[in-house]
Amino acid sequence: MTTPAKIKLTLYQGATQRVPLQRRYLPFAVTGDECSGYKNACTGAPVLPTDYTDEDYTGCSARMQIREDVGAPAVLVELTSVGGGIELAGDTLTLVFQPLDTAGKNFDTAVGHVEVIRPNGDVERHYEIAITLSQEVTL
């Protein structure tokens, strides 16, 4: 199971917006924090930059839904790799918002989850995104 990365994103209404998300992970449990540093939970050794493993999206598909809040019935925006709204290449997942995806939307904040479907059918949530909409004034 993966732990989703929590990020913030401003969507610019009516604009084409490409959001590349590069993912790396540690293949072991860690302890610590940014201030005191991270350590391997089993060995106590410091986590080094070379300990990270790049994500591999080969053969995967992905989907994302944006809603005003978790559990809200209405989907505000939906992107999929099948529909071209999500591109997967190597260790990078790119969200591709087209002008029509956000045109006419009327919300201030929302939440989005990005799920990756592995070739074996496993579903992993990779990102939880807190979204702010920057309303368009040029119509």
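Trainee: How many residues line the largest pocket, and which of them lie nearest its centre?

Mentor: Rolling a probe the size of a water molecule over the atoms shows where empty space is left. In this structure the largest pocket has a lining of 17 residues, and those nearest its centre are Thr3, Arg24, Tyr25, Leu26 and Val30. A pocket here is an open set of points on a 1 Å grid over the protein atoms alone, where a 1.4 Å probe fits and protein lies on both sides within 12 Å along at least five of seven lines, and a lining residue has an atom within 4 Å of a point. Please keep in mind that this is a predicted model, in which local features need pLDDT of at least 70 and side-chain atom pairs count only at pLDDT 80 or more, while totals for chains, interfaces and linings use all residues. Residues are numbered from 1 along each chain as its sequence is written, and side-chain values use heavy atoms, with hydrogens and water left out.

Trainee: How much space lies in the largest pocket, and what classes of residue make up its lining?

Mentor: The largest pocket holds about 510 Å³ of space, where a volume is the space filled by probe spheres set on the grid points, which are joined across faces, edges and corners. Its lining comprises 10 nonpolar, 2 polar and 5 charged residues; Ala, Val, Leu, Ile, Met, Phe, Trp, Tyr, Cys and Pro count as nonpolar, Asp, Glu, Lys and Arg as charged, and the others, Gly among them, as polar.

Trainee: Which residues are closest to the centre of the second largest pocket, and which strand gives the largest share of its lining?

Mentor: The second largest pocket contains about 210 Å³ of space. It is lined by 13 residues, and Gln65, Arg67, Gly112, His113 and Glu115 are the closest to its centre. Strands S7 (61-67) and S11 (109-117) each provide at least two of the lining residues, and S7 gives the largest share, with 5 residues. Strands are DSSP runs of E with at least two residues, numbered from the N terminus. By class, the lining of this second pocket has 4 nonpolar, 4 polar and 5 charged residues.

Trainee: In what order do the strands of the 5-stranded sheet stand?

Mentor: That open sheet runs S1-S12-S11-S7-S8, with mixed pairing, and two strands pair if DSSP finds at least two bridges between them. Strands S1 (5-12) and S8 (77-80) are at the edges, each with a single partner strand, so one side of each has no neighbour in the sheet. From one strand to the next the twist averages 20°, an angle taken between N-to-C directions on a scale from 0 to 180 degrees, with axes fitted as lines to C-alpha atoms.

Trainee: Which residues of S7 are on its covered face, and which on its uncovered one?

Mentor: In a regular strand the side chains alternate between the two faces of the sheet. In S7 the covered face carries Ala62, Met64 and Ile66, whereas Ser61, Arg63, Gln65 and Arg67 are on the uncovered face.

Trainee: Which strands form the edges of the 3-stranded sheet?

Mentor: This open sheet has the order S2-S10-S9, with antiparallel pairing. Its edge strands are S2 (17-22) and S9 (86-89), each pairing on one side only. S9 and S10 (residues 92-97) pair over 4 bridges, and their hairpin has 2 residues between the strands, with glycine 90 taking a positive phi near 60°.

Trainee: Is leucine 93 buried or exposed?

Mentor: Leucine 93, in strand S10, counts as buried because its relative accessibility is 0%; buried means under 20% relative accessible area, exposed over 50% and partly exposed in between, with a 1.4 Å probe and protein chains only. The bridge partner of leucine 93 is leucine 88.
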